[in-house]
Amino acid sequence: MSATVLSTRGLDKSFGSLIVAKDIALNLPQGERYALIGPNGAGKTTLINLMTGMLQPDGGRIFLGDEDITALKPEDRVKRGLVRTFQINALFPRLTPLEAVMLAVCERRQDAGTWWRRLPAYRDAIEEAHTILESLKLGAVCHRPTHELAYGQQRLLEIALALATKPKVLLLDEPAAGVPKEESAELFSVISDLSKDIAILFIEHDMNVVFRFASRIIVMVSGQILVEGSPKEISAHPRVREVYLGRSHHG
Amino acid sequence: MSISTGAVTDPHLYLQAQSRWHPLEFAFWAASILPFFIFPNHLVLASQIAITALFALSLDLILGYAGIVSLGHAAFFGLGAYTTGILSKYGWGDPFVGLLAGSVVAGLAGYASSFIIARFRHLTLIMITLGLGFLVHEAANQASWLTGGSDGLQGVRIGPLLGRFTFDLYGYAAYTYSLIVLFIVFLVVRRLINSPFGLSLRGIRENPVRMPAVGAPSHAHIRKIYTISAVIAGIAGAVLAQTSGTVSLGVLDFQRSADVLVILILGGAGRLYGGLIGALIFIVARDQFSGINPQLWYFPIGVLLVAVVMFLPGGILGGLARLTSTLRSRWS
Ligand SMILES: Nc1ncnc2c1ncn2[C@@H]1O[C@H](COP(=O)(O)OP(=O)(O)OP(=O)(O)O)[C@@H](O)[C@H]1O
Ligand SMILES: [Mg+2]
């Protein structure tokens, strides 16, 4: 197995008396596609919030490569290549997709503090932003305000924004949430075609999609990792069948 | 000004079109010299409009572009005015020296407070800016040995512009000077909002939660734009002190902070020209109404403000932009 790019040790988090993360130990190797599954309220989004620094853990450590990033601010984690998307669209409604992706590209290239040069002067940044949008089939709508885009296109823009930061590790929080089944398979094939240099952890409720696209699966229940294994092992795991697969699970 | 780009799909051409000068902009600035010929007796008023427009432009940078609400922006305006006035009292009456000093002092105050500003939003932010505004006002009131307190600053002596043109009662030099300062600052602001930094500011306005997730240091951006905005507000205050030759506590009044907010909302925040159009309408209307009944002046402004925020969320310019785009799509 290749080197671990993202790992956590003993992560704990509770909201009052509600424990949402308990002793979470996770290792994401270079270039892998991991699925994180679990019932509603299991703490999956919270785990992403903890790893990306949007929430502070009560205890435990987070490592990106060899570096302890537990105390880093979210934007500094992004600069080091740890990037997420959101379960509920978190876009820039009145920016166009081109502007939004340009924003992310300029931030990454350390140009975003420059106020005396006009945007059109950044030709290669524009080129890069446009290439990302085209690769996600958003080229045709890249000059429309984001709030006018179809919902499925907005989900793709979520991913485009993340790609513009040149991630090493990409955490996708239900990228296909709210997208019709047919489109969701298409969206996941786009995701699985992303560069193998990027390690991906995705949250998804549709087990067909999970089994098809994940190289390994982590099952979370009530803030704890129940089991981790290959799709084959997971589908055969009795406890998983009982707590997760056994009943209708999409919320 | 929003620019329709039609069917342009090339991203380079599209972004160029976004920042290109619109014919209406040339018309606007050409019209700004009309008062010299049409209203030569109202140049003092014209100068007040230009100064207020400059002040509104400074607020637009933080409110219209970065989404930071302030109810205490007069603090920076007043700091610029007092700095310039006090310096002139002690022999530093040259307009450019005063302008520079006023903007530096306002900018330093802006930079110092920006560390607090960057950490808060919404109601908290409104209260903080309001409180800081009161604080500066009261400090100026108390320090009467320096500021003259409620009697106003005595002995303001502004030297002639370039050693030749004095600021007199006719306002010829005053309007020339305010207009030139406004135009230069406007060019800088226009450049800024079309830059990568300007784009990141709009990002903060549109979704502050997403910004860190694309690697953006929002706090640093906010500190920077708040400082720049304070500098410009300070310049506006300095120009007022110089062209009017007086400085009183009125430059720090809450009323001034509230008025400039109203002006910007009326004209259209986040539209570059919103504050300029708003200032024009507001100052002219106030001048007309106060001739009839000064007490009733806020009645029509109140009605107008309520009507605009209810029916024209983008202000007067936003409404006009919507109208033209509707008409255009009808015609094509
Ligand atoms: N900021 C918060 N304050 C208090 N409770 C929270 C907070 N965020 C999440 N929770 C609670 O923590 C639990 C875990 O939430 P989380 O969003 O991580 O679940 P999830 O596994 O992502 O679920 P879903 O599949 O519905 O997205 C839930 O019970 C939720 O209500
Ligand atoms: Mg979730």
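Which helix of chain B is His12(B) found in? I looked it up in the predicted model. His12(B) sits in helix H1, residues 11-19 of chain B.

**Entry: His12(B)**

I checked the burial of this residue next. His12(B) has a relative accessible area of 7%. The cut-off for buried is under 20%, so His12(B) is buried. I then listed its contacts, leaving out residues up to four places away in sequence. His12(B) touches Arg123(A), Ile126(A) and Glu127(A).

**Entry: helix H13 of chain B**

I turned to H13(B), which runs over residues 254-267. I tested its length. At 1.5 Å a residue, its 14 residues should span 20 Å. The end C-alpha atoms are 20 Å apart, so expectation and model agree.

How many of the 14 residues of H13(B) are buried? I found 10, so the helix is largely enclosed by the rest of the structure. The buried set is Ser257(B), Ala258(B), Asp259(B), Val260(B), Leu261(B), Val262(B), Ile263(B), Leu264(B), Leu266(B) and Gly267(B). I looked up what covers them. The cover includes helices H4 (43-65), H5 (74-89), H14 (274-292), H15 (298-311) and H16 (315-331) of chain B.

**Entry: helix H6 of chain A**

I ran the length test on H6(A), residues 181-192. Its 12 residues should span 16 Å at 1.5 Å a residue. I read 17 Å between the end C-alpha atoms, which agrees.

Which residues of H6(A) are buried? I noted Ser184(A), Leu187(A), Phe188(A), Val190(A) and Ile191(A). They cover an arc of only 150 degrees around the axis, so they lie on the same side of H6(A). Their cover includes strands S3 (33-37), S7 (169-173) and S8 (199-203) of chain A. Helices H5 (151-163) and H7 (207-213) of chain A are also among the covering elements.

**Entry: ligand 1**

I counted 13 residues around ligand 1. Gly41(A), Lys44(A), Thr45(A), Thr46(A) and Gln87(A) come nearest. I then went through polar distances to oxygen atoms of the ligand. A backbone N or O atom of Gly43(A) lies 2.9 Å from one. For Ala42(A), a polar backbone atom is 3.2 Å from a ligand oxygen. His205(A) uses an N or O atom of its side chain, at 3.1 Å from a ligand oxygen.

How much of the accessible area of ligand 1 does the protein cover? I noted 61% of the 640 Å² that the ligand has on its own. Strand S2 (18-29) and helix H1 (44-52) of chain A each give two or more residues to the shell. H1(A) gives the largest share, three residues.

**Entry: Lys13(A)**

I placed Lys13(A) in strand S1, residues 4-15 of chain A. Is Lys13(A) buried or exposed? Its relative accessibility is 11%, so Lys13(A) counts as buried. Neighbours within four places in sequence aside, its contacts are Leu18(A), Ile19(A), Val20(A), Ala21(A), Thr46(A), Leu50(A), Gln56(A), Pro57(A) and Asp58(A).

**Entry: Leu72(A)**

I found Leu72(A) in the loop between strand S5 (67-68) and helix H2 (74-79) of chain A. At 18% relative accessibility, Leu72(A) counts as buried, because the cut-off is under 20%. With neighbours within four places in sequence left aside, Leu72(A) is in contact with Glu67(A), Arg77(A) and Arg80(A). I also took one distance. The C-alpha atoms of Leu72(A) and Ala35(A) are separated by 25 Å, and the two residues are 37 apart along the chain.

Note on methods. Residues are numbered from 1 along each chain as its sequence is written. Chains are lettered from A and ligands numbered from 1 in the order in which they are written. This is a predicted model: local features need pLDDT of at least 70, side-chain atom pairs count only at pLDDT 80 or more; totals for chains, interfaces and linings use all residues. Side-chain values use heavy atoms; hydrogens and water are left out. Helices (H or I, at least four residues) and strands (E, at least two) are DSSP runs, numbered from the N terminus. The expected span of a helix is 1.5 Å times one less than its number of residues. Buried means under 20% relative accessible area, exposed over 50%, partly exposed in between (1.4 Å probe, protein chains only). The arc is that of the directions from the helix axis to the C-beta atoms. Contact means heavy atoms within 4.5 Å. A residue is near a molecule or strand if one of its heavy atoms lies within 4 Å of it. A polar contact is a pair of N or O atoms within 3.5 Å; within protein, one must be able to donate a hydrogen and the other to accept it, and residues adjacent in sequence count only if both atoms are side-chain atoms. Accessible areas come from the Shrake-Rupley method with a 1.4 Å probe; for residues, only the protein chains shown count as cover.
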